[in-house]
Structure formats: C-alpha cells, structure tokens
Amino acid sequence: MTVALNGEDTGKKIAEAIPGSVVSGDKNSLIVESKSLLQVAEYLKNTPGMEFDYLTVVTAVDFMEYFEVVYRLVSMKNNQSLMLKTRVFDRVNPTIPSVTGLWRAAYYQEREIFDLFGIKFEGHPYLKRLLLWEGFEGYPLRRDYL
Amino acid sequence: MEIIRPEVFTPQESDIAEGKLINSFIANCTSQYSDPDKWLDEEIHRNILLTTVDTAVAWARQRSIFPLIFGTACCAFEMIAASGPRFDLSRFGMDIIRFSPRQADVMMITGTITWKMATAARMIYDQMPEPKWVIAVGACAISGGTFRESYSVVPGVNRIMPVDVYVPGCPPRPEAMIYGINRLHAKIVKGTIDNPNLSLK
C-alpha cells in the first residue's frame, strides 16, 4: 500500500531547501507558492528520499477567490504519495508554470485545464484547446460561467 | 436410421463404430430422391402474383435495411444487445451492420451528441444515399436528456438532421428499439418510389 506523506513534515524539508516556497501544509496536502512551483517540483522529483517519478493526476478547483491546482504525485521507488497544491489569485489572466518538462503525464491534463478553466501554463510545449472547439467563449468549469 | 454411438472411446473401437455407421448409411441410400419439380404441388407452378411496383419496392426496402451505427453513449450497448442472438435484429433484415455511410439505409443515433460531434454526424448523414432514415434512440438523442442545459450538448438531434422515429428511454430496452424498427417498417411501406419518406399517418 502506498504511504501518503504528511504534508506538514514534507513542507518543513522543502522550506529548508527552498526558502519562502511553502504556504502551508497539513496532514493530507502541501500548498506551495505558484512562483516557486517548478523549483519545488524539481526538488520533489530529484531529491533522494522523495523521488516522485509518477504524476497520476492534475486537476483544478475554482474557489471563487482563487483557483487551486492539484497535483497528485507517487513515488514508485519509495512507495509513497503526496498531494501538492498551488493557488492562483488572478481571475483575469491566471498563470502558473507548467510541469510537463518534468512529468510528461501533465501534457494533456494541463491542456484540459487550460480549455475548461482558462489557466495558462507557462512553458507548456503546445498549449491549445483540447475538448472544446476554437471560438468557444467562456470557461465552462468556472463557477461564474452560467 | 439408427445412429450408432460408440460407448467406449478407444481408437480401435471408435473406428469400428464409424465403419458400422458408414455401412448402415450405404445400405439405406439405395434409391434416389426424385426431382422436386415432380413432387411439388402443381398449383405452385401456375401462380402469378400481381402487385404494384411501389409495393414491391417498399417490400424490398423494408426487409433489407442496413443500419449505420452511430453509438456515442450507453444506448449503444442496448443496440449491441438488440443485434445479438437473444433479440436478433436479423429477423428484420438488419443483421448487416455497416460502418460506411455509403452502404447504409438507416442511421441509428444512440447516445448524446455534442456540438463538436454534430458536424461529423451531419457529414455522415449527408454521405448516406437516398432513401435514408434516422432513428433517434434514447433521451439524449431525442432532446439532450439530462444534459439539455449543458454548454456542449445538442438539445435533440432534430436540430441537425430530420429524424423519422424516436425511441424514448434512458436507455431504452432492446424491445423498445425493435418496436421503433417496426414503426419504421410501417413508415417505409407507406412510401413510394418517388417519395420514400412519406410521413406515417
């Protein structure tokens, strides 16, 4: 059984390595600043003892005040998992760095989030609509859509 | 003729039993069957059937409908069940399911159609040769169903193509689909050569 890592303990380790990157961490998840998301992701992938080599899902949630992008990471080697979250407060032009360079699995799911939430992923190799057609107005999964 | 079944299946004994079977078969097949023309009723040879061309053509059309499947959602599985041996669409001449619109007569839309899929559905409908019919199966195809208010679902396929028969249900059982096909048969019989799509009244 995969062991879910405690976000608080992992957050302390990350805060030592990359100062100012962690917002908060609790039993289930770890919330980081969107600016340092790429640094944290690289740290989680390459540090011995972490080695999260498998990204199972990327998804986003609209909380009206901010968007929360959720990454669920699994380490095949150490048999552990981590819920990594980041928040974007800009509703007009939300932008966060893409993790496609680290985990190829994020390619289509980031395109889907871009299509349905309008969150732009900087550094994505081919950020284009996935499900809806060109010319569709609005972002259907935002809570203020209808 | 009694069929001898070997009770013990050693190779030697089954060969002997097979030999007995063949010998008894040869002993029974001494006389020839006569030509069927000699023993069929002579009345059958004298029959002349009179009908109109419209009726004959409608009869032929009705009994060899090639369906084009357009299964986009769960209703497709009911259609698969209907074409299986239990419900057996072959009884209505619909056993040859076509995947090319150019060889199909009736398009069965089974499932939700999104606006992105609607262009493809309309293109396939346009490629079908006349005469052609459309059966809309299930709540989603008829009216959009539970997704009617959605941003991406067509609220009823009759927005994009004319529909002849609506089969309601979510999803409809294969019996309902067969009833819908029966109604389509009733509609085809009403048609003529010039106008195969006469409405059912």
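Predicted model: local features only at pLDDT ≥ 70, side-chain atom pairs only at ≥ 80, totals over all residues.
**Around Thr30(B)**

Show the loop between α1 (11–28) and α2 (36–39) of chain B; Thr30(B) sits there. Thr30(B) and Val157(B) are separated by 127 residues in sequence. In space, the C-alpha to C-alpha distance for this pair is 66 Å.

Step back to α1(B). This helix has 18 residues. From first C-alpha to last, α1(B) reaches 26 Å, close to the 26 Å expected at 1.5 Å a residue. How many of the 18 residues of α1(B) are buried? The count is 0, so the helix is hardly covered.

**A helix pair in chain B**

Select α5 (residues 75–83) and α8 (residues 174–190) of chain B. A packed pair is described by two values, the angle between the helix axes and the distance between them. For α5(B) and α8(B), the angle is about 75° and the axes are 9 Å apart. That angle makes α5(B) roughly perpendicular to α8(B).

Next, display the contact residues. On the α5(B) side, pick Glu78(B), Met79(B), Ala81(B) and Ala82(B). They meet Pro174(B), Met177(B) and Ile178(B) of α8(B). Colour the contact by residue class: 6 are nonpolar, 1 is charged and none is polar.

**Backbone stops in chain B**

Most peptide bonds are trans, and most residues other than glycine have a negative phi. The next stops depart from those patterns.

- Select Glu130(B) and Pro131(B). A cis peptide bond joins them, with omega of about -5°. Pro131(B) is in the loop between α6 (115–127) and β3 (133–137) of chain B.
- Move to Cys170(B) and Pro171(B). This pair is also joined by a cis peptide bond, with omega of about -10°. Pro171(B) is found in the loop between β4 (165–167) and α8 of chain B.
- Go to Asp88(B). Its phi is positive, about 60°, although Asp88(B) is not a glycine. Look for it in the loop between α5 and β2 (106–110) of chain B. Asp88(B) is partly exposed, because 14 other C-beta atoms lie within 10 Å.

**Over to chain A: helix α3**

Select residues 106–117 of chain A, helix α3. Its 12 residues reach 15 Å from first C-alpha to last, close to the 16 Å expected at 1.5 Å a residue.

Which residues of α3(A) are buried? Highlight Ala106(A), Gln109(A), Glu110(A), Ile113(A), Phe114(A) and Phe117(A). They cover an arc of only 145° around the axis, so they lie on the same side of α3(A). An α-helix has 3.6 residues a turn, so residues three or four places apart point the same way.

What covers the buried residues of α3(A)? Show β4 (54–62), β5 (67–75) and β8 (120–122) of chain A; the cover includes these strands. Then step just past the end of the helix. There Gly118(A) takes a positive phi of about 80°.

**Last stop: Met64(A)**

Follow chain A to the loop between β4 and β5, where Met64(A) is placed. Met64(A) is not a glycine, yet its phi is positive, about 70°. Is Met64(A) buried or exposed? Met64(A) is exposed, because 9 other C-beta atoms lie within 10 Å.

Note on methods
Residues numbered from 1 in each chain as written. Chains lettered and ligands numbered in written order. Helix = DSSP H or I, 4+ residues; strand = E, 2+ residues; numbered from the N terminus. Expected span 1.5 Å × (residues − 1). Buried ≥ 20, exposed ≤ 12 C-beta atoms within 10 Å, placed from the backbone. Arc of directions from axis to C-beta. Contact = placed C-beta atoms within 7 Å. Axes fitted to C-alpha atoms, helices over the stretch in contact; angles between N-to-C directions. Parallel < 35°, antiparallel > 145°, perpendicular 65-115°, else oblique. Nonpolar A, V, L, I, M, F, W, Y, C, P; charged D, E, K, R; others polar.
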